[in-house]
Amino acid sequence: MSAAKKPSSADAMTPAARLAEVQLRSIVGYQLAQAAIVTMQVFVSRVGSRFALRPVEYTILALVTDNDGISPRQLAQALAVTPPNITAWLDRLEARGLLRRQRNATDARSHHLHATPEGAELARRASAALVEGEKETLTTLSAAEHAMLLELLHKVARSRRRA
């Protein structure tokens, strides 16, 4: 049985400042934060500046597009934010004509959310741009490693307890 490969000294250094990260190497949260820097750069260059969307706006638009009729409450739970924060984001997207609220026919206090055709198209184009940008950026991963990373991150995210 072979021992696990020890990281080389270059692998045990931060990529930008070349600092030792011996204690942080096995901390999932730290590694996720470092990876998020890379993916955020992709987002900013491919979606943020091109489509004038913030990450949370893109996420909301994609979720509403994929879950037509979702309630703001469900959206707030999915994103682990407060209802007032969701309301502010929904106001911005609605003002841009990317989504619309429809009053619930059985409960006038609640709404259903729908992407407008423009909003759905923007979500589709932004998603395609992100997939392509990540593919171009994450060239150190094979296709199988990329799929495995997505699956593992999804597993981590699913470990969050439901409210």
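This is a predicted model: local features need pLDDT of at least 70, side-chain atom pairs count only at pLDDT 80 or more; totals for chains, interfaces and linings use all residues.
**Helix packing around H2**

Tyr58, Leu61, Ala62 and Thr65 of helix H2 are in contact with Gly119, Ala120, Leu122, Ala123, Ala126, Ser127 and Leu130 of helix H5. By class, this contact of H2 with H5 comprises 8 nonpolar and 3 polar residues, with no charged residues.

**Crossing of H2 and H5**
- Helix H2, residues 55-66, packs with helix H5, residues 117-137, at an angle of about 115°, and their axes are 9 Å apart.
- The crossing that H2 and H5 make is left-handed.

**Aromatic pair**
- The structure holds 1 aromatic pair, formed by Phe43 and Tyr58 in a tilted arrangement, with 6.1 Å from centre to centre and 55° between the planes.
- Because Phe43 lies in helix H1 (residues 28-51) and Tyr58 in helix H2, the pair ties together parts that are 15 residues apart in sequence.
- Phe43 counts as buried at 7% relative accessibility, and Tyr58 is buried as well, with a relative accessible area of 15%.

**Helix H3**
- In helix H3, which spans residues 72-79, the buried residues are Pro72, Leu75 and Ala76.
- Seen down the axis of H3, these buried residues fall within an arc of 100°, and therefore they line one face of the helix.
- The partners against which the buried residues of H3 pack are H2, helix H4 (83-95) and strand E2 (111-115).

Note on methods: Residues are numbered from 1 along each chain as its sequence is written. Side-chain values use heavy atoms; hydrogens and water are left out. Axes are lines fitted to C-alpha atoms, for helices over the stretch in contact, and angles run from 0 to 180 degrees between N-to-C directions. Helices (H or I, at least four residues) and strands (E, at least two) are DSSP runs, numbered from the N terminus. A crossing is left-handed if the near helix is turned anticlockwise from the far one by less than a right angle, and right-handed if clockwise. Contact means heavy atoms within 4.5 Å. Ala, Val, Leu, Ile, Met, Phe, Trp, Tyr, Cys and Pro count as nonpolar, Asp, Glu, Lys and Arg as charged, and the others, Gly among them, as polar. Buried means under 20% relative accessible area, exposed over 50%, partly exposed in between (1.4 Å probe, protein chains only). The arc is that of the directions from the helix axis to the C-beta atoms. Rings of Phe, Tyr and Trp (its six-membered ring) pair if their centres lie within 6.5 Å; planes under 30 degrees apart count as stacked, over 60 as edge-to-face and the rest as tilted.
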